[in-house]
Amino acid sequence: MSERDVFVWMMAFTRTGGLFALMPVFSGRMPVVVRIALAAFLSWVVSSTLSGPVTVPKDLGVLVVAMFHELVIGLLMGLGTRLVFYSVEIAGALISTELGLSMSSQLDPMTQTNPSPIGLAMTQLAALLFLLSGTHHYVFAAFVRSFALSPPGAIGFNANAGEVFVQTTGNIFLIAVQIAAPIMAVNFVVTLTFAILGKAAPSMNVFSESFAARILVGLAVLGLTVGVTAQLVLTELRRTPELMLRLIP
């Protein structure tokens with residue numbers, strides 16, 4: 001193995017490590033040894049397909065800067081795959097708050113956080129769609145394509161990456177509100193109904209009665225809109241590979 005091959009593999013491994021640090025499913029409770037093995041194998045596959053000229057730095061400082069640049073590329077690409085899941089997590093938190101279930105929490109094995117049961121269910125649904133739709137295959141294809149757009153060791157700067165990053169991170173909240181909008185609308189109607197009942201029947205304990213009604217009606221609407229939610233999440237997941245390439249600095 002030549003010096004060039006070792007350098008290319010090292011750069012590819014650094015970029016792959018950044019991708020796996022944030023990529024959904026693969027950044028969960030997968031054993032570190034398995035994750036390193038997958039990153040090493042993917043780096044070997046990528047490095048074996050690169051045949052263009054590569055300049056191997058002779059200075060240690062240049063090598064460190066090149067590795068840092070590759071790590072940033074991998075992290076930004078991993079962030080691009082993660083944005084939809086952030087939207088789903090925020091939507092789950094909004095729905096749980098609207099239904100009064102935000103106090104209960106469980107451990108999410110994928111994110112190592114303690115979301116509400118609804119947030120956990122929605123995150124698992126997004127992970128299932130991520131795998132069943134084959135998005136992870138397109139993510140790996142986009143990752144391989146990234147080496148053609150930004151060769152290993154080539155330190156550059158894409159002025160449009162910052163603008164794309166701001167736009168996509170802003171869309172996180174838009175997608176979350178779109179997912180939680182039906183529950184928020186129904187909760188408003190239920191709250192307004194019980195407010196009117198409280199005026200019509202002052203002796204009625206509206207505050208305690210509204211809790212059960214909000215949960216029952218909210219869960220019913222959540223079940224009816226799960227197909228629409230899955231379609232919205234799937235649409236955003238299909239945009240992930242393109243977004244990954246646009247985030248390359």
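User: How many aromatic pairs are there in this model?

Analyst: The model is predicted. The count comes to seven aromatic pairs.

User: Why is the pair of phenylalanine 20 and phenylalanine 140 called edge-to-face?

Analyst: Their centres lie 6.2 Å apart, and rings pair within 6.5 Å. The angle between the planes is 80°.

User: What does the pair of phenylalanine 20 and phenylalanine 140 tie together?

Analyst: Phenylalanine 20 lies in helix H1 and phenylalanine 140 in helix H5, so the pair links parts that are 120 residues apart in sequence. Both phenylalanine 20 and phenylalanine 140 are buried.

User: What makes phenylalanine 26 and phenylalanine 140 an aromatic pair, and of which kind?

Analyst: The distance is 5.6 Å centre to centre, and the limit is 6.5 Å. The planes stand at 75°, and the cut-off for edge-to-face is over 60 degrees, so this pair is edge-to-face. Phenylalanine 26 lies in the loop between H1 and helix H2, so its pair with phenylalanine 140 in helix H5 joins parts 114 residues apart in sequence. Phe20, Phe26 and Phe140 form one aromatic cluster.

User: How do you know that arginine 15 lies over the face of phenylalanine 147?

Analyst: Arginine 15 is placed over that face at 4.0 Å from the ring centre. The distance cut-off is within 6 Å.

User: Which helix gives the most to the lining of the largest pocket?

Analyst: The largest pocket holds about 320 Å³ of space. Among its 16 lining residues, Thr168 and Asn171 are two of those closest to the centre. H6 gives the most, with seven residues.

Note on methods:
Residues numbered from 1 in each chain as written. Predicted model: local features only at pLDDT ≥ 70, side-chain atom pairs only at ≥ 80, totals over all residues. Heavy atoms only, no water. 1 Å grid on protein atoms, 1.4 Å probe; cavity = no way out; pocket = protein on both sides within 12 Å on 5 of 7 lines; lining within 4 Å. Points joined across faces, edges and corners; volume = space filled by probe spheres on them. Helix = DSSP H or I, 4+ residues; strand = E, 2+ residues; numbered from the N terminus. Phe/Tyr/Trp six-rings, centres within 6.5 Å; stacked < 30°, edge-to-face > 60°. Buried < 20%, exposed > 50% of the residue type's maximum accessible area, 1.4 Å probe, protein only. Lys NZ or Arg CZ within 6 Å of the ring centre and 35° of its normal.
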